[in-house]
Structures are given as structure tokens and as C-alpha cells.
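Hi everyone, thanks for coming along. Let me put the structure up on the screen, and then I'll walk you through a few places in it.

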Amino acid sequence: MLSLHAAPAPKPRARQSRIGLAIAGGGPVGAMYELGALRALDEACDGLDLTRMDCYVGVSSGAFFAAGLANRMDTAELCRIFITGDSEDVQFQPETFLSPAFGEYLSRAASIPRLTTRLLRDLWSGRSDSRWSDLLNRFGSLVPTGLFDNREVERFLRDVFTRQGRSNDFRKLDRPLYVIGVDLDSGEAVRFGDAGWDGIPISRAVQASAALPGLYPPVEMQDKSGRVRHIVDGALRRTMHASVVLDRDVDLLLGINPLVPFNPGDDSPEDAKQHRCSDRRIAEGGLPGVLSQTLRTMLQSRMQVGLARYPQQYPNIDQAVFEPNAADRELFYTNVFSFSARRRISQLAYRNTLTDLRQRRSEFEPVLAKHGIRLREEVIADRPRSIIAHLPPAPRLTDTTARLGRALDEIEHRLQRQRMV
């Protein structure tokens, strides 16, 4: 589903268009949807280089792709890492992101004797009651803040961003990158990459931005004043934080939001027979379905508020946001925290995005043309096109040749820009 705002009166400019990219979060399944959508845009849009955007902002799972693209990792390489697994540079193991937080479990369990002793003392002295609500409140601190250990996530990202000419330092990137987290104690957004927060390693910023409460524990770090902060998932504040890009004087915003509430329309008798419960009664699927629909609805409602407001706030900026179709059963019924369906979900996103480009071509093509971008007919017209079948072969690179290739590519890009001026 494509949400498009074409600027009615684009601002005059005597320079090449500036393009920004905003990528929302959505857990592992959301990340794979984002990757499929990014790959489709990369293949379908001639003149669009996703590794050379003028500004990037990433939230939660989208923060890794924003950081990877800002580090000149193209979508083909990202697909080889996360979908096909045949990258010679990065070896991705889903278990890395799902390691139990044993340290968190033990530290919480160690406080049981102290809490029990205090409760018994208070009960004996009459300073507390024995209602279940009081017991739950007292022993709530024993519940771990996250099921999985996100330190492994940070180690994986640090390894990726410190090899083959990449950088784990916001200040050393060619283009502005912002990774959004939320201070758990104040509820304020934290913009990694901005002044005061640009000294935090990118890998640590992404770790914090993706620390979804309940799934991963908050990430503890110090701000520039030395104050300890506990940072969690940036989606708690806003879904995509597109205003970060829009405030950077861009001419075109491209956004991707992978989670929308499921709405299949009316069930036909045939559909009802194919599913274990009616799609129109999500509660029949139990707590996982209820929580999934609740999360999707909350994120989508905030997205809709932003998408309705941004055209008034930024009337001279073209804006295009890609989202899944509300009726995509496959996306809804896949465990949002599972990596096992990554090929299927990325293909779904790839297909949906190409369909959006094909069906909305008459509206979208003039918008892209203003920014020197055209749609490739051979790509968007290829209806059975597969994300895997059209991946180029993986290049064989050493660290030295990768750095040399990046340097030569940068020289070529600058020469091309000079010819255009």
C-alpha cells in the first residue's frame, strides 16, 4: 500500500534533489518486510541509489538497514546476509538475536531472599497488607525486563560495521544517519547521531533502538553529562520519526512501515474453511493474535496521524510511504518475532512494492521524474519476479579490495555529479 503526497508547489532549487529515507520498526518479520521493499525500490527505480541518500533515520529493526545503507551496504548484499545466507562477508545466525538473557534472569533471582525477608518483616510489623495486589507489586521486580540478551546483537553489528571500510562512528559517515531510541525514565526521544549523542557507537545505538520492552532489556548508557540513561525501542515514541528527515531540507521522503492492522474484509465460506478460525474474529486465535493486532493498530494509528499532518507541515516536500496490504494474511499469521519465514515475508514485500509501483505508476512516476528518477519498465512489468532469482552473484572481496572499491566508487560518483552541474 502506497501513501503518496505530491508537493503541489515544489520549492525552486538550483541543485540536485535531496532525498531522505525513513525506516520504521517491526521486529524480525517487520525487518524482513522492509528488506523486501527496499530491494524492490532499488531494482525498480533508475536514478535512485539507496546507499547515497541525503539523510537516513531508522527505528528499531529499521535502524540496522538505515545504518547498513548509510555504510554503503547495498540491498543485494543485505539480501545475501539475511535471506539467502550466501554472503562471504557476514554470516548471520538467527540465534544471535534470540539468545536467552541468563544474566538478567540470575540477577533478578538473586534478589528473592532480600524481597522475601522485607515482606515478612513488614507483615509481622503490620506495615503492609497481604493482598495479592501488594504481593504482585513487591515481587514484580523479579520479572526480567527482557527475554533475550541484546548484547549479542550489539556484538554482531559492531563486527559488521568495523570491516571492509565501514564505520561504527556516526561522525565518520558520508551522510547523516539518525537512530531513534526512547529514554525509559523520562519518555523522551533520544536521537543518536545528533549533537551530544553522535559519540555513541552505531552498533550500540541500534541495540538500544531495537530494545523492545519484554523482548530485550533496556540498554544502559551515559549521556554527555555523565547521567545514566536506560534506552528502549524508539517506536514507543513514534512509529517512523519521519520528521527527522523532513526537517533536513529534503525534496523527497521515502518511508517504509512494515506493520499495519489486519483487515481481510468479509470472510467468504471458502476462506473460513481454510483457516482454523474466522479472520473476522481475531480473539479466537488467543492472546498472540490479540497482542499482534493491538501492536499493529497502535503503530498504524500514529503513522496515520503523521501522514495526515506532514503535508501541511512540509507542503513543498514530496512524500511516499510504503506499507503492507491490510489483507495480507500471511504477514499477520507469521510470528512477528520469528526469522524462519524470512524468505517468504521478504518476497511478499518485494511483490507488494512492485505492485504498488505498477498500479500507482501514473501518479508516482511524475513525482519521481522531478528528482531524476524513472521506473524501470522491465522490472515493474515482470509480475512473477522473484527477489532471490534476480540477486547478482556475491563479489569476492578482501578487506583491502573492499576499501579500494569504495574509494574508486566514490571518485566515480563525484565525477558524475560534476558533469551534471
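Gly181 stands opposite Val190 in β6. That strand, residues 189-192, runs antiparallel to β5, residues 177-183, and four bridges join the two. For pairing, DSSP has to find at least two bridges between two strands; strands themselves are DSSP runs of E of at least two residues, helices are runs of H or I of at least four, and both are numbered from the N terminus. β5 and β6 make a hairpin with five residues between them, and Gly187 in the turn has a positive phi of about 80 degrees.

A quick word on where this comes from: it is a predicted model, where local features need pLDDT of at least 70 and side-chain atom pairs count only at pLDDT 80 or more, while totals for chains, interfaces and linings use all residues. Residues are numbered from 1 along each chain as its sequence is written, and side-chain values use heavy atoms, with hydrogens and water left out.

Now to the annotated spot. The unreviewed UniProt entry marks Ser60 and Asp233 as "active site". They span 174 residues in sequence, yet no two of their C-alpha atoms are more than 5.7 Å apart, so they gather at one spot. Do keep in mind that UniProt positions are given in the numbering used here, feature names are shortened, and annotations may be inferred rather than shown by experiment.

Ser60 sits in the loop between β4 (55-59) and α2 (61-70), and it is buried at 6% relative accessible area. Asp233 belongs to strand β8, residues 228-233, and is buried too, at 4%. What does Ser60 touch, leaving aside neighbours within four places in sequence? Gly25, Ser209, Ala210 and Asp233, with contact meaning heavy atoms within 4.5 Å. On the same terms, the contacts of Asp233 include Val59, Ser60, Val182 and Leu212.

One last stop: Pro94, in the loop between α3 (75-84) and α4 (102-109). Pro94 is buried, at 16%, and its C-alpha lies 8.9 Å from that of Phe82, 12 residues apart in sequence.

Note on methods: Buried means under 20% relative accessible area, exposed over 50%, partly exposed in between (1.4 Å probe, protein chains only).
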